[in-house]
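Here is a quick tour of a protein model, written for someone who would rather look at residues than read a methods section. Have the viewer open and click along.

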Amino acid sequence: MRKKIKNLFLVLLCLLMVQAPVTYLTQPETVQAAAAKKNGLYHLKLSNGNYYYFYYENGKWVKNAWRTVKQNVNGKSVAYRYYFTASGIGYQAPSYTGMTFNVVARKIGNYWYGFYKNGRMVKSGYYCDPKTETLFYFDANGHYNSAKSVAIRKASTYKANAAKLRSILGKPISTKTSTSCYGPGKDLTLTYPKMIVSLYRDNSGKEIVLGVYPR
């Protein structure tokens, strides 16, 4: 009788193991099993269904540290900076359909930095976080510039005179004009390297800001 109960218990245990849902890559320590165990950058899927960046080095995942990664872009070797948190996950902006240059800002040490959705640190330019509708300026070192950021935020306020925003951003890459739903004038879409600016121009030529968002 004891032997039958023992055998039944083993069968039930096996069934539970087969039917149990698989949880994988829940922490950076377990990501190791999915990596080729070579030093370098990894883009791995966690159990929540999202992909994150990790950096494997000398037998472990890098944490609380910067790493510079050289990548081939159009046949040229380009260096990009990444920051990996205490959990080993690299900072990255959320993915939004139709947006390539949206960023998320994070404080590391004494400075704030911006990161693209591909985890790369941004620098030298104006950027936008669409989730918080916040505009930023980061310098050549990737550091957040408070004065320039505050200035563009003020200039891009809804219905603000567009002259100031134009003076800050300079000449756009392109300008598209269309019939306006705002009033009897025209809507203008200005394309800049990392952002799109939406303006309204009335029949007298005065322009106001309707919105700013990432490209």
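What follows goes from the whole chain to one helix, a loop, a strand residue and the aromatic rings.

This is a predicted model, where local features need pLDDT of at least 70 and side-chain atom pairs count only at pLDDT 80 or more, while totals for chains, interfaces and linings use all residues. Numbering runs from 1 along each chain as its sequence is written, and side-chain values use heavy atoms, with hydrogens and water left out.

**The whole chain**

The protein chain has four helices and 13 strands; these are DSSP runs numbered from the N terminus, with helices being H or I of at least four residues and strands E of at least two. Of its 215 residues, 39% count as buried. Buried means under 20% relative accessible area, exposed over 50% and partly exposed in between, with a 1.4 Å probe and protein chains only. The accessible surface comes to about 13400 Å², and carbon and sulfur atoms hold 54% of that; the areas come from the Shrake-Rupley method with a 1.4 Å probe, and for residues only the protein chains shown count as cover. Take the contacts (heavy atoms within 4.5 Å) between residues at least 6 apart in sequence: 35% of them join residues at least 24 apart.

**Helix H3**

Which residues of H3 are buried? In this helix, residues 146-155, they are Ser149, Ile152 and Ala155. They cover an arc of only 135° around the axis, so they sit on the same side of H3; the arc is taken from the directions from the helix axis to the C-beta atoms. Ala147 and Lys154, on the other side of H3, are exposed. The cover over the buried residues includes helix H4 (162-169) and strand E12 (195-201). At the start of H3, a side-chain oxygen of asparagine 145 comes within 3.2 Å of the backbone nitrogen of alanine 147. That is a polar contact: a pair of N or O atoms within 3.5 Å, where within protein one must be able to donate a hydrogen and the other to accept it, and residues adjacent in sequence count only if both atoms are side-chain atoms.

**A loop and a strand residue**

Asparagine 64 is in the loop between strand E3 (60-61) and strand E4 (65-73). Beyond its neighbours within four places in sequence, asparagine 64 touches Tyr83, Phe84, Thr85 and Ala86. Its side chain reaches the backbone nitrogen of alanine 86 at 3.2 Å.

Serine 198 belongs to strand E12 and is buried, at 18% relative accessibility. Leaving aside neighbours within four places in sequence, its contacts include Leu188 and Ile208.

**Rings**

A search of the whole structure turns up 21 aromatic pairs. Rings of Phe, Tyr and Trp (its six-membered ring) pair if their centres lie within 6.5 Å; planes under 30 degrees apart are stacked, over 60 edge-to-face and the rest tilted. Tyrosine 42 and tyrosine 56 have centres 6.4 Å apart and planes at 90°, so this pair is edge-to-face. The two tyrosines are 14 residues apart, in strands E1 (residues 40-45) and E2 (residues 51-57) respectively.

Both are buried, at 14% for tyrosine 42 and 5% for tyrosine 56. Ring pairs also link Trp66, Tyr83, Tyr91, Tyr111, Tyr113 and Phe115 into a cluster.

Charges sit over rings too, meaning NZ of Lys or CZ of Arg within 6 Å of the ring centre and within 35 degrees of the ring normal:

| Charged residue | Ring | Distance to ring centre |
|---|---|---|
| Arginine 120 | Tyrosine 80 | 3.8 Å |
| Lysine 194 | Phenylalanine 101 | 5.2 Å |
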